[in-house]
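Have the coordinates open as you read.

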Amino acid sequence: MQFTEQEINAVKYYIGDCAEFEQDDFWSDTKAYNVINSLFYFGIRTELERVNEGKFLNPAIVSDMERLEKLLDNLFSACKKSKNTELMQTYRVERFSDYQAIKQAGKTISFTSTSKNYFLKAYQDRAGIALMRFVIPVGTPCIDMQKFFENYAKPEETETLLPPNLNLQIAEIPITESELQILDANGNSPVVSCLATVRGMQKPDIQKFRALPENSEITAKNILFLLNQHKKISLLDFKKYSEWKQILINRIFCRYFS
């Protein structure tokens with residue numbers, strides 16, 4: 001399968017392999033996924049949790065809507081082209097609150113980074129965790145980074161990236177003694193452990209393709225700035241930001257699932 005330079009660069013950017021990019025506020029962000037993934041969740045709950053964990057939500061990511069849409073388009077396109085050729089089992093340390101949203105939706109909500117190398121300690125920096133084992137059948141749209149890149153920047157992570165809207169059959173399972181030693185940022189054991197079996201891709205409810213609201217960049221940048229400063233968000237700004245996210249993701253889904 002041939003991938004475009006734009007698709008390859010989008011995946012590199014997502015995993016934080018930014019060394020060869022222009023070192024500006026956007027392209028140098030090695031943790032841009034904190035903002036990218038939050039765009040797929042309703043409201044600002046997941047953004048609030050990230051800043052409360054000490055993570056930075058980079059306003060530069062939302063400062064250029066055309067650039068952001070192209071990035072998301074290329075991430076989806078790379079996932080659509082890349083399908084696994086063998087049954088895989090991968091692992092993820094998930095925020096418990098995000099796990100609850102995923103379980104209720106019965107699908108991946110955002111781009112979801114998983115590892116073939118068990119539950120990575122690097123992702124235990126969150127308060128309240130769920131341990132997720134993914135069973136990924138042959139032919140699932142996903143990116144196995146070890147196969148996608150000739151020179152994979154983070155081989156220790158053995159990452160497989162799942163796109164949004166993969167149907168999940170979730171079965172909660174007992175937490176083992178060894179898993180109780182996997183601690184969250186506050187030193188607490190996992191809340192839940194589960195087996196999540198991928199059951200194909202779900203076509204989302206797609207609304208009519210709409211233009212982004214005027215001054216979207218200003219609204220989104222302002223919200224991220226306020227969140228980073230742990231300042232209060234007005235109800236009006238909350239509504240504007242939530243509407244912007246829904247329209248943005250719907251625009252991406254219109255192109256990806258049509």
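A residue counts as buried here when its relative accessible area is under 20%, as exposed when that area is over 50%, and as partly exposed in between, using a 1.4 Å probe and protein chains only. Before going further, bear in mind that this is a predicted model, so local features need pLDDT of at least 70 and side-chain atom pairs count only at pLDDT 80 or more, while totals for chains, interfaces and linings use all residues. Residues are numbered from 1 along each chain as its sequence is written, and side-chain values use heavy atoms, with hydrogens and water left out.

Start with helix 4. Helices are DSSP runs of H or I with at least four residues, strands are E runs of at least two, and both are numbered from the N terminus. Helix 4 has 17 residues and covers 24 Å from its first C-alpha to its last, close to the 24 Å expected at 1.5 Å a residue; that expected span is 1.5 Å times one less than the number of residues. Its buried residues include Met65, Leu68, Leu72, Phe76 and Cys79, and Glu69 and Asn74 are also among them. At the start of the helix, a side-chain oxygen of Asp64 comes to within 3.2 Å of the backbone nitrogen of Glu66.

Now for the charges. The structure holds 21 salt bridges, each being a side-chain nitrogen of Lys or Arg within 4 Å of a carboxyl oxygen of Asp or Glu. One of them pairs Lys81 with Glu7, with the closest N and O atoms 3.0 Å apart. Lys81 lies in helix 4 (residues 65–81) and Glu7 in helix 1 (residues 5–15), so this pair ties together parts that are 74 residues apart in sequence. Which of the two partners is buried? Glu7 is, at 3% relative accessibility, whereas Lys81 is partly exposed at 27%.

Another salt bridge joins the side chains of Arg95 and Glu53, at 2.9 Å from N to O. This one also links distant parts of the chain: Arg95 sits in strand 1 (residues 88–95) and Glu53 in the loop between helix 3 (45–52) and helix 4, 42 residues apart. Arg95 is buried, with a relative accessible area of 2%, and Glu53 is partly exposed at 22%.

Finally, look at Arg133 and Glu179, whose closest N and O atoms are 2.7 Å apart in a salt bridge. Arg133 belongs to strand 3 (residues 129–136), and Glu179 to the loop between strand 6 (166–173) and strand 7 (192–201), 46 residues apart. Both Arg133 and Glu179 are buried. Elsewhere, salt bridges that share partners join Arg45, Glu49, Arg50, Glu53, Lys55, Arg95, Asp98, Asp125 and Arg126 into one network.

Methods. A polar contact is a pair of N or O atoms within 3.5 Å; within protein, one must be able to donate a hydrogen and the other to accept it, and residues adjacent in sequence count only if both atoms are side-chain atoms.
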